[in-house]
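Reader: Got a model here that I'd like to go through. Can you take me through the packing and the charged contacts?

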Amino acid sequence: EPTVTLLPLISKPLMVLPGETVKIYMSIPLFLKIEAEDPYHLLEEIPALQSPKTWFGESTRAGEICYSTRIKAVLDKRELVHRPYRALSQLIIENRGHDALHVEKLKVPAPFLALFQDEDGHFYTSVIHYIRETDGHIKTIDVLSPEGGDDLFFLSGPRLRADSSLLSPLTHFFSQP
């Protein structure tokens, strides 16, 4: 079974100029996790939306199976329609490099994000912060609390705990010219 990771394919490539930071918003499908408590045992994880599986990585040998979906990534979160089976995610892409960063596809590590809900019943995930360093590599990913965190109710922590693979260089997450 693949790692439950969302691979959005952005319909229009995004270019982040050197020294610039871009915040984008997207919605990602929720998963229903069914567990037994005593003793703890994960019975099943069921996606709210069935997405096709695809390969994502640097090569055919280095990577992982992911779920793929086309998404509408927007700069203003008010442009997204709230759906009961999706959560709003914010991604911050910071380009400290010396040339433009072209983003055509990226991997959203959904299992490593916490889930929150507002008083209207809308779901939100933690914020992902990608930083492209001056050497051109994506070396840092921070998972932050969502905007408006004071008005959000914490529902669940990440489904998976981050290990060194989440923090490893991630240049292949972005398409470079």
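Predicted model: local features only at pLDDT ≥ 70, side-chain atom pairs only at ≥ 80, totals over all residues.

Reader: Which residues touch the most other members in the largest nonpolar core?
Author: Leu91, Ile93 and Tyr130, in a core of 18 residues. A nonpolar core here is a set of buried Ala, Val, Leu, Ile, Met, Phe, Trp, Tyr and Cys residues joined through side-chain atoms within 4.5 Å. Buried means under 20% relative accessible area, exposed over 50%, and partly exposed in between, with a 1.4 Å probe and protein chains only.

Reader: Which strands each supply at least two residues of this core?
Author: E1 (6–16), E2 (21–29), E7, E8, E11 and E12. The largest share, 4 residues, comes from E2. Strands are DSSP runs of E, at least two residues long, numbered from the N terminus.

Reader: What lies apart from it?
Author: Another core, of 8 residues, among them Val74, Phe116, Tyr124 and Leu152. In soluble globular proteins, nonpolar side chains tend to be buried together.

Reader: Fine. How many salt bridges in the whole structure?
Author: The search finds 4, a salt bridge being a side-chain nitrogen of Lys or Arg within 4 Å of a carboxyl oxygen of Asp or Glu.

Reader: Which residues are linked in a network?
Author: Glu94, Arg96 and Glu133. The closest N and O atoms are 2.9 Å apart for Arg96 and Glu94, and 3.5 Å apart for Glu133 and Arg96. The Glu133 pair links distant parts of the chain, 37 residues apart: Glu133 is in the loop between E11 (127–132) and E12 (138–144), Arg96 in the loop between E7 (86–95) and E8 (101–105).

Reader: Is Glu94 buried or exposed?
Author: Buried, because its relative accessibility is 17%. Arg96 is at 36%, so it counts as partly exposed.

Reader: And what does Arg132 pair with?
Author: Asp99, with the closest N and O atoms 2.8 Å apart. Arg132 is buried at 4% relative accessible area, whereas Asp99 is partly exposed at 38%.

Reader: Changing topic: how do E3 and E4 run?
Author: Antiparallel, with 6 bridges joining E3 (residues 31–36) to E4 (residues 41–47). Strands pair if DSSP finds at least two bridges between them. The two form a hairpin with 4 residues between them, and Phe31 has Pro47 in E4 as its bridge partner.

Notes: Residues numbered from 1 in each chain as written. Heavy atoms only, no water.
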